[in-house]
Amino acid sequence: ANIWTLTASDSCAGAGMQADLAVAHRMNVDCGCVVIAITSQNSHGLQAAEALPLSWIQQQWRALAADGWPAVIRLGWLPADRALLGWLMEVLAQCPARVVWDPVKSATRVDQQSADFAAVHGLTLADWQRLLARVDVVTPNLAEARWLTGLADETETSVIGERLLAL
């Protein structure tokens, strides 16, 4: 089997691309990587995140695609960039792979401020829900599930689950 991971590179290797590579290796699965962003983080939290230019992301995709499609594409943290999301929707529509999305919404910065990447560049919940419609499996935590459904914090988890399935 072959998978691709589209996510950020994590300098402490506890998440993102490095974690996906470790899991794929343990499962004896080949894993191609499309690096979406570079992060600086450690056990104390996130210090910085910088998205790569879309042209670099597209070049990585084309290089992997030249060797054939994967069975699965795993999406991790995605910068809230309208051009990136539009391109991603186009290429996923052309790719026969199953898509798994871990919709990482935010990370905690060292100064303990929440870094909410979804609010950057003017993307709306509806934009993210369009991506969700293309996804075969979504793996949100409770906060991310609430965010994707637009439901309030006090909403029962069963209602959140039903809404996710309806999207």
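Leaving aside residues up to four places away in sequence, L131 touches L75, L78, L85, L88, M89, L92 and W101. The structure is a predicted model. L131 also belongs to the largest nonpolar core, which holds 35 residues; within this core, L75, W128 and L131 touch the most other members. The element that gives the most to this core is helix 3 (residues 82-94), with six residues. In soluble globular proteins, nonpolar side chains tend to be buried together.

The aromatic residues form a second topic. Six aromatic pairs are found in a search of the whole structure. A pair of aromatic rings is described by the distance of the centres and the angle of the planes. Two of the pairs that involve W4 are set out in the table.

| Pair | Centre to centre | Between the planes | Geometry |
|---|---|---|---|
| W4 and W61 | 4.9 Å | 85° | edge-to-face |
| W4 and W69 | 5.9 Å | 45° | tilted |

W4 is located in strand 1 and W61 in helix 2 (residues 54-65), so their pair ties together parts that are 57 residues apart in sequence. W69 is found in the loop between helix 2 and strand 4; its pair with W4 in strand 1 therefore ties together parts that are 65 residues apart in sequence.

W69, by contrast, has a relative accessible area of 39% and is partly exposed. Ring pairs join W4, W61 and W69 with W87 in a cluster.

Helix 1 is the last topic. Which residues of helix 1 (residues 16-26) are buried? They are G16, M17, D20 and A24. These residues lie on the same side of helix 1 because they cover an arc of only 100° around the axis. An α-helix has 3.6 residues a turn, so residues three or four places apart point the same way. The cover over the buried residues of helix 1 includes strand 1 (2-10), strand 2 (30-42) and strand 4 (72-75). On the face of helix 1 turned away from its buried side are the exposed residues H25 and R26. After helix 1 comes N28, which has a positive phi, near 60°.

Note on methods. Residues numbered from 1 in each chain as written. Predicted model: local features only at pLDDT ≥ 70, side-chain atom pairs only at ≥ 80, totals over all residues. Heavy atoms only, no water. Buried < 20%, exposed > 50% of the residue type's maximum accessible area, 1.4 Å probe, protein only. Helix = DSSP H or I, 4+ residues; strand = E, 2+ residues; numbered from the N terminus. Arc of directions from axis to C-beta. Contact = heavy atoms within 4.5 Å. Phe/Tyr/Trp six-rings, centres within 6.5 Å; stacked < 30°, edge-to-face > 60°. Core = buried A, V, L, I, M, F, W, Y, C linked by side-chain atoms within 4.5 Å.
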